[in-house]
Amino acid sequence: MQRRVADVTIDLFAMIACISRASAHLNSKGPGAEREAKLCRAFCSKANHRIKRNIRRMDDNNDELLKVIAKDAYDILQYPYDVVLD
């Protein structure tokens, strides 16, 4: 859960930074303004999909199964399917 919240926060922060940069270029009407706007739209679109996916997976996930697997590996102090032997 914490990783998903952190990932959403990171994507939101990156989107804000990207929008701020593109806005500054568009306001200055510099030569790269349209390029910055396109880059911003592309990045924000991908980030939006990641945010939605992470929010959906807050409740619909296999976290409990992964916890059981991790506990089993911890209890026997090794990964049972490791091909590298001591």
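**Entry 1**

I looked up Leu 66 first. Its relative accessibility is 46%, so Leu 66 counts as partly exposed. The model I am reading is predicted. I placed Leu 66 in helix 3.

**Entry 2: helix 3 and what follows**

I checked the length of helix 3, residues 63-76. Its 14 residues, at 1.5 Å a residue, should span 20 Å. Next I read the backbone just past the helix. Leu 77 has a positive phi there, about 60°.

**Entry 3: overall layout**

I stepped back to the whole chain. I counted 3 helices and 0 strands. The order from the N terminus is α-α-α. The chain has 86 residues, and 19% of them count as buried.

**Entry 4: salt bridges**

How many salt bridges does a search of the whole structure find? It finds 5. I took notes on three pairs, listed below.

Arg 3 with Asp 7. Their side chains meet in a salt bridge, 3.5 Å from N to O. Both residues sit in helix 1, residues 2-28, and they are 4 residues apart, about one turn of the helix. In an α-helix there are 3.6 residues a turn, so residues three or four places apart point the same way. I then looked up the cover on each partner. Arg 3 is exposed at 55% relative accessibility. Asp 7 is partly exposed, because its relative accessible area is 27%.

Asp 11 with Arg 50. Here the closest N and O atoms are 2.8 Å apart. Asp 11 lies in helix 1 and Arg 50 in helix 2, so this pair ties together parts that are 39 residues apart in sequence. Is Asp 11 buried or exposed? At 7% relative accessibility, Asp 11 counts as buried; the cut-off for buried is under 20%. Arg 50 has 28%, so I logged Arg 50 as partly exposed.

Arg 21 with Glu 36. The side chains meet in a salt bridge at 3.0 Å, N to O. This pair also links distant parts of the chain: Arg 21 is in helix 1, Glu 36 is in helix 2, and they are 15 residues apart. Glu 36 counts as buried, because its relative accessibility is 10%.

**Entry 5: the loop between helix 1 and helix 2**

I went to the loop between helix 1 and helix 2 and found Lys 29 in it. The phi of Lys 29 is near 55°, a positive value in a residue other than glycine. For context, most residues other than glycine have a negative phi. I also looked up the accessibility of Lys 29. It is 70%, so Lys 29 counts as exposed.

**Entry 6: positive charge on the surface**

Last, I looked for charge clusters. Which residues gather in a patch of positive charge on the surface? They are Lys 52, Arg 53, Arg 56 and Arg 57. I followed up on one of them, Arg 56. Arg 56 lies in helix 2, residues 33-56. Its relative accessible area is 56%, so Arg 56 is exposed; the cut-off for exposed is over 50%.

Note on methods:
Residues are numbered from 1 along each chain as its sequence is written. This is a predicted model: local features need pLDDT of at least 70, side-chain atom pairs count only at pLDDT 80 or more; totals for chains, interfaces and linings use all residues. Side-chain values use heavy atoms; hydrogens and water are left out. Patches are made of residues with over 30% relative accessible area and no salt bridge: like charges are joined within 9 Å, nonpolar side chains (Val, Leu, Ile, Met, Phe, Trp, Tyr) within 5 Å. Accessible areas come from the Shrake-Rupley method with a 1.4 Å probe; for residues, only the protein chains shown count as cover. A salt bridge is a side-chain nitrogen of Lys or Arg within 4 Å of a carboxyl oxygen of Asp or Glu. Lys and Arg count as positive and Asp and Glu as negative; His and the chain ends are not counted. The place of a charge is taken as NZ of Lys, CZ of Arg, CG of Asp or CD of Glu. Helices (H or I, at least four residues) and strands (E, at least two) are DSSP runs, numbered from the N terminus. Buried means under 20% relative accessible area, exposed over 50%, partly exposed in between (1.4 Å probe, protein chains only). The expected span of a helix is 1.5 Å times one less than its number of residues.
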